[in-house]
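Please open the model in a viewer and keep the selection panel at hand.

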Amino acid sequence: MNKLIQNEMMKLIAKKRLVVIALIIGVLVVLFTYAQYKEVQREREKLGTNDWRTILQQQIVDTTNRLSSNRLSDEWRQQLQISLQQKQYYLDHDINPAEPGAPTFMRIFLENSIDLFIPLMVMVIASDLVSSEHSMGTVKLLLTRPVKRWKVLMSKYITLCLAISLIVAIAGILSFLISGVVFGYKGWEAPILTGFNVTDTGLNTTDVKLLSLWKFLLMDFGLVWFVALVVGTLSFMLSVLINSTAAGMGVMLAALISGAILSNMVSSWESAKYFFMVNLRLTDYMQGSPPPIEGMTLSFSLLVLFIWWAAAMAVSFIVFTKKDVY
Amino acid sequence: MSKNYVRLVTIIGVVFFLLWLGGLGWAVGNYYAGKPESPPQTSPQDKAVDNKKGLTITAIGDSLTRGTGDETGKGYVGVLVDELKEKTKQTVQLTNLGINGQTSDQLRQQVQQSEVGRQIQKADIVLVTIGGNDLFRGGQGLMDFDSDNITAIEKKYLDNLNFILQQIRKNNQEATVFFVGLYNPFIEMDQGKEMSKIVRHWNYDSAEVSAGFPKVVFVPTFDLFELNVNDYLYTDKFHPNTKGYRLIAERVASLVTW
């Protein structure tokens with residue numbers, strides 16, 4: 001088994017996929033850092049200050065004014081109201097919700113890449129793990145060895161898990177190093193609030209917890225990693241089922257993008273919450289944003305993702321061990 | 001490719017695997033079992049005003065402060081700031097805390113917030129518009145303005161105004177406060193004359209309350225909108241348009257000294 005994993009790792013490294021992914025992440029982080037920097041500059045110019053309390057107070061008033069418009073949809077209104085209450089809570093307790101620095105940038109980067117960007121990067125590796133063996137004809141060489149088929153697949157899956165862990169780590173390290181050049185490398189100890197409960201009546205702040213940013217980040221990383229793992233497993237399954245890599249990737253891509261679109265409009269279609277792709281934004285629960293569909297909670301999303309994961313695992317292994325290879 | 005390199009990458013992968021797994025477990029554990037811990041209350045002196053340069057303006061009030069109806073989005077506050085920037089050659093920092101539809105009751109609540117207090121504290125000039133929504137109630141005031149009702153509303157409003165100005169003075173003894181009075185947007189309507197009478201009376205009482213405080217200047221706008229009111233009103237026939245806001249801004253600008 002150990003040998004098999006080593007062998008798979010070697011193939012992974014030889015393909016240089018991780019390097020390509022690191023490059024993509026690096027370029028995007030540079031872009032985001034620049035965009036964020038511009039945003040901060042613009043805000044400062046507009047208000048003539050970089051005092052965060054003034055900026056936050058101004059945002060609160062601006063949001064209040066947007067709420068007074070009667071052309072808002074109900075969900076949008078609720079979202080604005082919750083973000084308003086959160087901001088007010090931060091302000092009342094004198095905590096800067098976005099302490100400038102690389103760790104805050106990392107947090108924002110993670111929260112925004114959890115449902116599309118990181119899964120896409122994972123797909124780059126996962127979607128041809130098995131199907132490429134078919135297209136290159138190496139699958140026969142692999143299966144003629146005196147090793148059980150499930151062991152072969154298992155070694156591939158374990159390699160995938162390690163690769164996903166590495167991708168998440170690369171995203172974290174690169175976003176920290178690159179954004180730090182502009183925003184500075186401090187701010188690990190900055191306080192952040194979590195545990196806001198979104199209820200029908202608005203925001204419940206009785207369970208609010210105060211965390212250091214580094215602890216919060218580690219939790220965020222854990223959630224991002226879990227999402228990446230589930231998406232990776234699903235594309236792994238497709239790679240087993242469909243011999244064409246491009247087709248497998250297309251299916252997965254369609255699912256991910258439909259998830260991003262669905263989350264914006266499914267609030268009235270309740271059973272859509274059992275789709276894996278509307279459950280990807282786990283970090284939103286930590287932060288206290290309202291879920292896309294009423295009744296979704298962290299444990300619900302985790303459970304849904306876990307079931308999809310387990311189903312994908314079962315299908316992959318059953319199909320791969322039974323499949324005729326010719 | 002050396003075997004050691006492959007092994008190294010594998011080991012790093014395993015380390016991060018365990019780290020992220022731990023993070024996931026911690027996140028779930030903390031989310032469900034973590035003890036609520038409310039953030040420490042901060043004392044006001046922690047938030048001392050940073051040393052500033054230039055002129056600082058804080059505007060509070062209703063949609064007039066906000067600039068509703070102005071196509072350029074500036075409102076009288078924005079126009080005023082532009083003019084001051086030109087005249088003083090200093091940097092002017094504006095915090096506009098105006099909220100659409102705000103009544104004197106709501107403003108009374110708003111000025112008690114600690115951050116709003118801090119914004120007032122650091123201001124050189126405080127601009128206030130309030131009362132329009134108390135009196136006109138979005139046009140409904142046009143229908144029923146029997147005098148008993150109006151008297152009750154006005155009494156409450158004057159009490160709120162007194163409180164608001166007190167609160168401003170408590171936070172900042174130095175700043176000049178410009179309190180912008182009401183105009184009558186309904187002056188050309190059927191009952192415009194009666195309404196004007198009420199507005200004049202309202203303004204008079206507001207000016208009286210303002211006079212009770214040092215460095216609070218009541219700025220009348222009634223006369224600005226007395227002739228050709230429709231040229232200066234937005235399509236809702238209630239808020240000023242760009243030209244109307246310019247009139248108000250010019251009047252305030254001529255009063256500002258520094």
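**First stop: a helix in chain B**

Select B:R118 and B:E115: both lie in helix α5 (residues 114–121) of chain B, 3 residues apart, about one turn of the helix. Helices here are DSSP runs of H or I with at least four residues, strands are runs of E with at least two, and both are numbered from the N terminus. The two side chains form a salt bridge, with the closest N and O atoms 3.1 Å apart; the term denotes a side-chain nitrogen of Lys or Arg within 4 Å of a carboxyl oxygen of Asp or Glu. B:R118 is buried at a relative accessible area of 4%, and B:E115 is buried at 2%. Buried means under 20% relative accessible area, exposed over 50%, and partly exposed in between (1.4 Å probe, protein chains only).

This is a predicted model, in which local features need pLDDT of at least 70 and side-chain atom pairs count only at pLDDT 80 or more, while totals for chains, interfaces and linings use all residues. Residues are numbered from 1 along each chain as its sequence is written, chains are lettered from A and ligands numbered from 1 in the order in which they are written, and side-chain values use heavy atoms, leaving out hydrogens and water.

**Second stop: salt bridges in chain A**

Select A:K156 and A:E133 next; their side chains meet in a salt bridge (2.8 Å, N to O). This pair links distant parts of the chain, with A:K156 in helix α9 (residues 149–183) and A:E133 in helix α7 (residues 131–136) of chain A, 23 residues apart. A:K156 counts as buried at 2% relative accessibility, as does A:E133 at 5%.

Then select A:R281 and A:D284, another salt bridge, with the closest N and O atoms 3.0 Å apart. A:R281 is partly exposed, at 27%, whereas A:D284 is buried, at 16%.

Move to B:T95, in strand β2 of chain B. Is B:T95 buried or exposed? B:T95 is buried, with a relative accessible area of 0%. Not counting residues up to four places away in sequence, B:T95 touches A:T54 and A:Q58 as well as B:I57, B:T58, B:A59 and B:Q119; contact means heavy atoms within 4.5 Å.
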